[in-house]
Amino acid sequence: MSSRAIIIILFITICYSNNINKVLSHPVNNPYALNFKSVTKNHPNDQWIAIDKLQHYLYSCLVSLGCQYVLVNKFRNSEVSALPISSSLSFSAGLLKEINDKRGKNGYFSLKDMVANGFGICTAALIIMTNN
């Protein structure tokens, strides 16, 4: 996968995650758009210590490691050049999952889940870099 394709994927992810109403001159009813209030509100069921956070941590770590494996062993990229791509793909998957969660009935975008995703990606990066 080329860096141009990764940039396009990240651009699409950012477009769907930002509040498009602020960018355009006329309002758009976009179910994927996030606004600052929906991101920062505290949800009573969203606890820092929960099985959900462990799942986000582990899935992000495993997705990043899996992408890294494919990029290095199947596409013949170096470990260093594949790391930003695998990390970006894992982050994008977590972000799109949270955007999808927000769309559901009584759904919300959890920053705590995104923090857990970030820790999982950082752990994968540490594993990858210490293996060199």
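Tutor: Start with a definition. On a 1 Å grid over the protein atoms alone, a pocket is an open set of points with protein on both sides within 12 Å along at least five of seven lines, and lining residues have an atom within 4 Å of a point. This is a predicted model, where local features need pLDDT of at least 70, side-chain atom pairs count only at pLDDT 80 or more, and totals for chains, interfaces and linings use all residues. Residues are numbered from 1 along each chain as its sequence is written, and side-chain values use heavy atoms, with hydrogens and water left out.

Student: Which residues line the largest pocket?

Tutor: Rolling a probe the size of a water molecule over the atoms shows where empty space is left. Here the lining consists of Asp-52, Gln-55, His-56, Tyr-59, Ser-60, Val-63, Ser-90, Ala-93, Gly-94, Lys-97 and Asn-117. Helix 4 (51–74) and helix 5 (79–103) are the elements that give two or more residues to this lining. A helix is a DSSP run (H or I, at least four residues), numbered from the N terminus.

Student: Which helix gives the most to that lining?

Tutor: Helix 4 does, with six residues.

Student: What is the volume of the largest pocket?

Tutor: About 160 Å³. A volume is the space filled by probe spheres set on the grid points, which are joined across faces, edges and corners.

Student: How many salt bridges does a search of the whole structure find?

Tutor: Side chains of opposite charge can pair when their charged atoms come close. The cut-off is a side-chain nitrogen of Lys or Arg within 4 Å of a carboxyl oxygen of Asp or Glu. The search finds four. One of them joins Asp-101 and Lys-97 (2.4 Å, N to O). Both lie in helix 5, four residues apart, about one turn of the helix.

Student: Is Asp-101 buried or partly exposed?

Tutor: Buried means under 20% relative accessible area, exposed over 50%, and partly exposed in between (1.4 Å probe, protein chains only). Asp-101 is partly exposed, at 29%. Lys-97 is partly exposed too, at 35%. Elsewhere, shared partners join Asp-46, Asp-52, Lys-53 and Asp-113 into one network of salt bridges.

Student: What distances go with Lys-53 in its salt bridges to Asp-46 and Asp-52?

Tutor: For Asp-46, 2.6 Å, N to O. For Asp-52, 3.2 Å, N to O. Lys-53 is buried, with a relative accessible area of 8%, and Asp-46 is buried as well. Asp-52 is partly exposed, at 26%.

Definitions and conventions: 1 Å grid on protein atoms, 1.4 Å probe; cavity = no way out; pocket = protein on both sides within 12 Å on 5 of 7 lines; lining within 4 Å.
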